[in-house]
Amino acid sequence: DLVSKYRVFIWVPVETISENLVNVIARQDDYFFGVLHSNIHEVWALTMGTQLEDRPRYTPDSTFDTFPFPWPPGTEPPEEADARVKAIADAARELVRLRDAWLNPPGISPEELKGRTLTNLYNQRPEWLANAHRSLDEAVFAAYGWPVDLAKEEILARLLALNHERATV
């Protein structure tokens with residue numbers, strides 16, 4: 001969603017037709033998905049995006065287009081060749097597995113299923129979800145070569161420096 005309390009990404013079938021307030025990012029790798037779900041990307045998106053009333057808005061030209069991934073998109077090493085890429089992909093797959101298990105548990109009634117939304121899940125933020133995001137964040141920070149305990153301002157400063165460095169190439 002372009003306007004949402006959370007930056008949450010999901011996999012959808014290629015034949016899906018999205019609505020006007022949904023961003024579609026045409027990638028199929030867990031590494032890319034994982035970086036988008038990281039705290040680093042969230043800090044950038046919340047800072048560089050816009051607002052609609054009191055809700056953050058994911059603005060593709062100022063958030064996605066300007067975000068400096070650990071490697072420029074299309075130049076990242078394959079998962080089999082780089083442990084950092086594999087760690088991000090593995091953490092992203094685990095996050096999706098856990099979320100999917102919570103969203104669609106076996107034997108749940110249709111009425112209970114209605115309350116199983118990503119918004120409700122992230123509002124509750126159970127410990128297993130926080131742990132999955134923590135593991136993903138650790139992998140993404142490692143790909144950048146940064147310590148995991150950076151403050152928001154330091155993350156932004158480093159991303160901006162990386163963005164400027166790549167713009168001059």
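Asp-82 sits in the loop between strand E2 (55-57) and helix H3. Helices (H or I, at least four residues) and strands (E, at least two) are DSSP runs, numbered from the N terminus. Asp-82 counts as buried because its relative accessibility is 11%. Buried means under 20% relative accessible area, exposed means over 50%, and partly exposed lies in between (1.4 Å probe, protein chains only). Asp-82 touches Trp-71 and Pro-77, not counting residues up to four places away in sequence. Contact means heavy atoms within 4.5 Å.

This is a predicted model, in which local features need pLDDT of at least 70, side-chain atom pairs count only at pLDDT 80 or more, and totals for chains, interfaces and linings use all residues. Residues are numbered from 1 along each chain as its sequence is written, and side-chain values use heavy atoms, with hydrogens and water left out.

**Overall fold**

- The chain has seven helices and two strands.
- Along the sequence, their pattern is α-α-β-β-α-α-α-α-α.
- Of the 169 residues in the chain, 40% are buried.
- Contacts between residues at least 6 apart in sequence join residues at least 24 apart in 62% of cases.
- The chain exposes about 9,900 Å², and carbon and sulfur atoms supply 54% of this area. Accessible areas come from the Shrake-Rupley method with a 1.4 Å probe; for residues, only the protein chains shown count as cover.

**Helix H3**

- Helix H3 covers residues 83-103, 21 residues in total.
- From first C-alpha to last, H3 reaches 30 Å, close to the 30 Å expected at 1.5 Å a residue. The expected span is 1.5 Å times one less than the number of residues.
- The buried residues of H3 are Val-85, Ile-88, Ala-89, Ala-91, Ala-92, Leu-95, Val-96, Arg-99, Trp-102 and Leu-103.
- Seen down the axis, these buried residues fall within an arc of 165°, so they line one face of H3. The arc is that of the directions from the helix axis to the C-beta atoms.
- They pack against helix H1 (30-36), helix H4 (110-114), helix H5 (118-124) and helix H6 (127-144).

**Nonpolar core**

- In soluble globular proteins, nonpolar side chains tend to be buried together.
- Here, the largest nonpolar core has 38 residues. Such a core is a set of buried Ala, Val, Leu, Ile, Met, Phe, Trp, Tyr and Cys residues joined through side-chain atoms within 4.5 Å.
- The residues with the most contacts inside this core are Tyr-31, Ile-40, Phe-67, Ile-88, Tyr-144 and Leu-159.
- H1, H2, H3, H5, H6 and helix H7 (152-167) each supply at least two residues of the core.
- Leaving aside neighbours within four places in sequence, Leu-159 is in contact with Ile-40, Trp-44, Phe-67, Pro-68, Tyr-144 and Trp-146.

**Helix H7**

- H7 has 16 residues and reaches 22 Å from its first C-alpha to its last, close to the 22 Å expected at 1.5 Å a residue.
- Its buried residues are Ile-155, Leu-156, Leu-159, Leu-162 and Asn-163.
- They cover an arc of only 130° around the axis, which puts them on the same side of H7.
- H2 and H6 are among the elements that cover these buried residues.
- Glu-153 and Glu-165 are exposed on the other side of H7.
- Glu-153 has a relative accessibility of 59%, so it counts as exposed.
- Glu-153 and Val-43 are 110 residues apart along the chain, yet their C-alpha atoms are separated by 9.1 Å.

**Loop residues**

- Ser-38 lies in the loop between H1 and H2. It counts as buried because its relative accessibility is 1%.
- The side chain of Ser-38 reaches the backbone nitrogen of His-41 at 3.2 Å.
- Ser-38 is also in contact with Leu-136, Asp-137 and Val-140, leaving aside neighbours within four places in sequence.
- Gly-49 lies in the loop between helix H2 (39-48) and strand E1 (50-52). At 18% relative accessibility, Gly-49 counts as buried.
- Gly-49 touches Trp-44, Arg-57, Thr-59, Ser-62 and Thr-63, not counting residues up to four places away in sequence.
- Arg-125 is found in the loop between H5 and H6. Its relative accessible area is 39%, so Arg-125 is partly exposed.
- Phi of Arg-125 is near 40°, a positive value in a residue other than glycine.

Key
A polar contact is a pair of N or O atoms within 3.5 Å; within protein, one must be able to donate a hydrogen and the other to accept it, and residues adjacent in sequence count only if both atoms are side-chain atoms.
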